[in-house]
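Please read the following report alongside the sequence and the model.

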Amino acid sequence: MPKTTALKSIKSLVPLLDRVLVQRVKAEAKTAGGIFLPESSVKELNEAKVLAVGPGGLDKEGKRIPMSVGEGDKVLIPQYGGSPVKVGEEEYSLFRDHELLAKIKE
Amino acid sequence: MPKTTALKSIKSLVPLLDRVLVQRVKAEAKTAGGIFLPESSVKELNEAKVLAVGPGGLDKEGKRIPMSVGEGDKVLIPQYGGSPVKVGEEEYSLFRDHELLAKIKE
Amino acid sequence: MPKTTALKSIKSLVPLLDRVLVQRVKAEAKTAGGIFLPESSVKELNEAKVLAVGPGGLDKEGKRIPMSVGEGDKVLIPQYGGSPVKVGEEEYSLFRDHELLAKIKE
Amino acid sequence: MPKTTALKSIKSLVPLLDRVLVQRVKAEAKTAGGIFLPESSVKELNEAKVLAVGPGGLDKEGKRIPMSVGEGDKVLIPQYGGSPVKVGEEEYSLFRDHELLAKIKE
Amino acid sequence: MPKTTALKSIKSLVPLLDRVLVQRVKAEAKTAGGIFLPESSVKELNEAKVLAVGPGGLDKEGKRIPMSVGEGDKVLIPQYGGSPVKVGEEEYSLFRDHELLAKIKE
Amino acid sequence: MPKTTALKSIKSLVPLLDRVLVQRVKAEAKTAGGIFLPESSVKELNEAKVLAVGPGGLDKEGKRIPMSVGEGDKVLIPQYGGSPVKVGEEEYSLFRDHELLAKIKE
Amino acid sequence: MPKTTALKSIKSLVPLLDRVLVQRVKAEAKTAGGIFLPESSVKELNEAKVLAVGPGGLDKEGKRIPMSVGEGDKVLIPQYGGSPVKVGEEEYSLFRDHELLAKIKE
């Protein structure tokens, strides 16, 4: 039986330095009333949930620069950029802490 | 019933680091006398209102660099740049503090 | 009656950080004898008047870097660059302090 | 008999400064049931195993900046970049420590 | 009578920061014997005379960085670059101090 | 008899600052059994021998930054970059110390 | 009689900051036996003689950074770059100290 080396769960990812692992919030594909919308009317959202954060980058004295966000935060991500990660059918992204635009309060 | 993940209000956005959330002031689409102007005669304005500001970027010693503007300020924004944010039909932008050109006194 | 949001006076602009608000000096459109020159013989001048200056940029210790020019100075501006600002029919520009080339003594 | 100068084993490579030698984890070319998959259905994985790490880059005082990963770690590597190394039929890559995206816990 | 705003004399220019105002030395348009040369045989020279120098740029502690050249020096300027200034029919250039290549002793 | 100014021996080269003089290891043009291989089957190797190293670059306090490699080391060089030097029919390269990828233990 | 402003001797050039004035060593245009070679078989050499050096650039504390080479040194120059200077029919180049690749011992 072949051993599989592909990532089994996104939870096994521990971001390095100042990186932040996020999952983009999916746009609704159906209306509040439950009607499914055609693909073309579903817009990409730049809202994402923080799944894990790195320990922070190092400043010139070797101290960790504190992260701006934490696990569980909802954030606004830039329209372009980030490193894509795919686990099964799900897509995730890794951003540098300073690339995130805003936190989203709920 | 589907849960919606799209941003419900721009007020839920808390800019990170040195970012400034602004909304561009809309050009008048009608004259002082109330006559609606055709679309083509309405110019884009680079004037914007500050809706929220981040805590400031970090200098090399880890101290916050003070922001140049505050919530409620009116500012002149550059013609290009900024990160667009859309909530419903309204458009907003996020700029870095140092990208803003001038405050507008009233 | 619609409220107008467009900039009413250039005097309401307060440059941020190390920015300098200038107005380009207009080339004479008529000769010393009062004869109006055709448009094509009027050259763009790189001479400008300083209308307002920012408080200065911040150095790494958070201190203001002194500005090289002050309100009322006449300056030589570079041929390209600067951020354009339009108020009514008048055009202005914002430059960073270090982009200005020279002061003009009179 | 000609002496051969080509690299005989990847184990003879000792990364310099902040470089990290990794080998990309190969995607399964057959299913769990042992059926071999056609080439086109095998996706490139961005998961890699750390084979060796450099001593760390030097900061401005000449001190070593600690590495984020160590030998034996599994890491997520960026989709592009890295310096390729080929030993026989096997392919390896060298990344700078800060280019690695995340550690993979097992 | 129209007031003229154009620069009347190059002597009114006071370079800012580390800028150096120079005038390119003109190539001879006639031979030693007084014969005028056709335009095409006159080569551009990269030799220039320093007309005025700025007070020097500011280092990180806010101190002036000393200028390498002074008024009256003859210098070798780079083939490209510099900001052109025109006063009447004469052309001048502004360079940053560090862009000048060499002093010319006579 | 004309005096020749061309480099007579690679041994006369003393690298400056952080530069490293290397010679790429040549790929075997014949098999272990002594059969010569056609040109197209001989691959470029990125393995090189260090012939000489500079004294190291200068840090901001004017101290030498130690070199990572020394004369006689075998190193892995990047696929692109380096400054080529030709002495007679032999080709050499100069790299900056930090461009070298790894040492090769034997 | 017209005064000439063109550079009369390369010896009048005093390099500024970290610049190095060099003259490329000319490739032999004839063989050891005195036979003149056709132009196409004469290769450009990257070997040059140092004619003059600047006082060194300034570090952040305003101290001179020592030069790596001195007048009379023979050096290996990069294949591209440098600022060309022409005096009469002779061509020279100015390089920054750190652009020079190696000294050549004789």
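Over how many bridges do β2(A) and strand β3 of chain A pair, and in which sense? β2(A) and strand β3 (residues 47-53) of chain A pair over five bridges, in the antiparallel sense.

## Basis of the model

This is a predicted model, in which local features need pLDDT of at least 70 and side-chain atom pairs count only at pLDDT 80 or more, while totals for chains, interfaces and linings use all residues. Residues are numbered from 1 along each chain as its sequence is written, chains are lettered from A and ligands numbered from 1 in the order in which they are written, and side-chain values use heavy atoms, with hydrogens and water left out.

## Chain A as a whole

Chain A has zero helices and seven strands, and from the N terminus on its elements run β-β-β-β-β-β-β. Here helices (H or I, at least four residues) and strands (E, at least two) are DSSP runs, numbered from the N terminus. Of the 106 residues of chain A, 44% count as buried, where buried means under 20% relative accessible area, exposed over 50% and partly exposed in between, with a 1.4 Å probe and protein chains only.

Among the contacts in chain A with a separation of 6 or more, 62% are between residues 24 or more positions apart, a contact being heavy atoms within 4.5 Å. The mean pLDDT of chain A is 85, and 79% of its residues reach 70 or more; pLDDT is the predictor's confidence in each residue, from 0 to 100. Over residues 1-5 of chain A the pLDDT is below 50, although this stretch has 13 contacts in the model beyond near neighbours in sequence. Where pLDDT is low, the predicted coordinates should not be read in detail.

## Strand β2 in chains A and E

Strand β2 (residues 19-24) of chain A is mostly covered, with five of its six residues buried. Besides its pairing with β3(A), in which A:A48 is the bridge partner of A:R24, β2(A) pairs in the antiparallel sense with strand β6 (residues 90-96) of chain A over four bridges, and there A:R19 stands opposite A:R96. Two strands pair if DSSP finds at least two bridges between them.

In chain E, strand β2 (residues 19-24) is likewise mostly covered, five of its six residues being buried. Four bridges join β2(E) to strand β6 (residues 90-96) of chain E in an antiparallel run, with E:R96 as the bridge partner of E:R19. With strand β3 (residues 47-53) of chain E, β2(E) pairs in the antiparallel sense over five bridges, and E:L21 stands opposite E:A52 in β3(E).

Seven strands form an open sheet with antiparallel pairing, in the order β5(C)-β6(C)-β2(C)-β3(C)-β4(C)-β7(C)-β1(E). β5 (83-87) of chain C and β1 (13-15) of chain E stand at the edges, each with a single partner strand, so one side of each is left without a neighbour in the sheet. From one strand to the next the twist averages 40°, with axes taken as lines fitted to C-alpha atoms, for helices over the stretch in contact, and angles running from 0 to 180 degrees between N-to-C directions.

The two chains meet in this sheet where strand β7 (residues 102-104) of chain C is joined to β1(E) by three bridges, the strands running antiparallel. The bridge partner of C:K103 in β1(E) is E:V14.

E:S12 is found in the segment before β1 of chain E and counts as buried at 12% relative accessibility. Leaving aside residues up to four places away in sequence, E:S12 touches C:K103, C:I104, C:K105 and E:L7. A polar atom of its side chain lies 2.6 Å from the backbone oxygen of E:S9.

C:V69 lies in the loop between β3 (47-53) and β4 (74-76) of chain C and is buried, with a relative accessible area of 6%. The residues that C:V69 touches, beyond those up to four places away in sequence, include C:V20, C:L100, C:K103 and E:L16.

F:K74, in strand β4 (residues 74-76) of chain F, counts as buried at 15% relative accessibility. A polar contact of 3.1 Å joins the side chains of F:K74 and F:E47; such a contact is a pair of N or O atoms within 3.5 Å, where within protein one must be able to donate a hydrogen and the other to accept it, and residues adjacent in sequence count only if both atoms are side-chain atoms.
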